[in-house]
Amino acid sequence: MASRRSPLKSAVRSNAVSPVRRCSRTACGRPAVATLTYVYADSTAVLGPLATYAEPHCYDLCAEHSERLTAPRGWEVVRLAVDTAAARPSSDDLEALADAVREAARTPRPDPRGPAPRGGPEAGEADATEVARRGHLRVLRSPEP
């Protein structure tokens, strides 16, 4: 009687799983910089910036393969501008994030379990009625005039 091995026992284990998307071309391990999509109805191959998510019907290509891309005879290749600098975070992004965190820290937040804030109409939410709540978000109804 032949022994049957479990697929898990015969699988090759790997501790090196990279979060970087790689080129879809066979035997190419370079990082992907562009996404190739075919539009069969228009006989067009569209090569553009790296897509946000890996899609099964799209192909991620490295810089070398995206430059050397050719399409089948009779097809058109549309190359959208790939701006590699825009994909990287800039110092402006970091400063905007830091400013938003500082602003959130300065704004006093009333304890939802505590007493309602005082101060009349200037208090903002004091006149509003909480209708619903989901996590940290609240739906407020404006008071009737």
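**Hairpin, salt bridges and cysteines**

Gly135 takes a positive phi near 65° in the hairpin of β5 and β6, which has two residues between the strands. Helices (H or I, at least four residues) and strands (E, at least two) are DSSP runs here, numbered from the N terminus. This is a predicted model, and local features need pLDDT of at least 70, side-chain atom pairs count only at pLDDT 80 or more, while totals for chains, interfaces and linings use all residues. Residues are numbered from 1 along each chain as its sequence is written, and side-chain values use heavy atoms, with hydrogens and water left out.

**The β5–β6 pairing**

- Strands β5 (residues 129-134) and β6 (residues 137-141) run antiparallel and are joined by five bridges; two strands pair if DSSP finds at least two bridges between them.
- Glu130 has Leu140 as its bridge partner in β6.

**Salt bridges**

- You'll find three salt bridges in the structure, each one being a side-chain nitrogen of Lys or Arg within 4 Å of a carboxyl oxygen of Asp or Glu.
- One of them brings together the side chains of Asp60 and Arg21, at 2.9 Å from N to O. That pair links distant parts of the chain, 39 residues apart: Asp60 sits in strand β3 (residues 58-61), and Arg21 in the loop between α1 (7-10) and β1 (34-39).
- Asp60 counts as buried, at 8% relative accessibility. For the cut-offs, buried means under 20% relative accessible area, exposed means over 50%, and partly exposed is in between (1.4 Å probe, protein chains only).
- Arg30 and Glu64 also meet through their side chains in a salt bridge, at 3.0 Å from N to O. Here too the pair links distant parts of the chain, 34 residues apart, with Arg30 in the loop between α1 and β1 and Glu64 in helix α2 (residues 63-67).
- Arg30 is partly exposed at 36% relative accessible area, and Glu64 is partly exposed at 34%.
- Glu64 forms a salt bridge with Arg68 as well, and the closest N and O atoms are 3.3 Å apart. Shared partners tie Arg30, Glu64 and Arg68 into one network of salt bridges.

**Cysteines**

- A disulfide is a covalent bond between the sulfur atoms of two cysteines. Searching the whole structure for disulfides (cysteine sulfur pairs within 2.5 Å) turns up zero.
- For Cys28, the closest cysteine sulfur is that of Cys62, and at 3.8 Å it is too far for a bond.
- Cys28 counts as buried at 12% relative accessibility, and Cys58 is buried with a relative accessible area of 14%.
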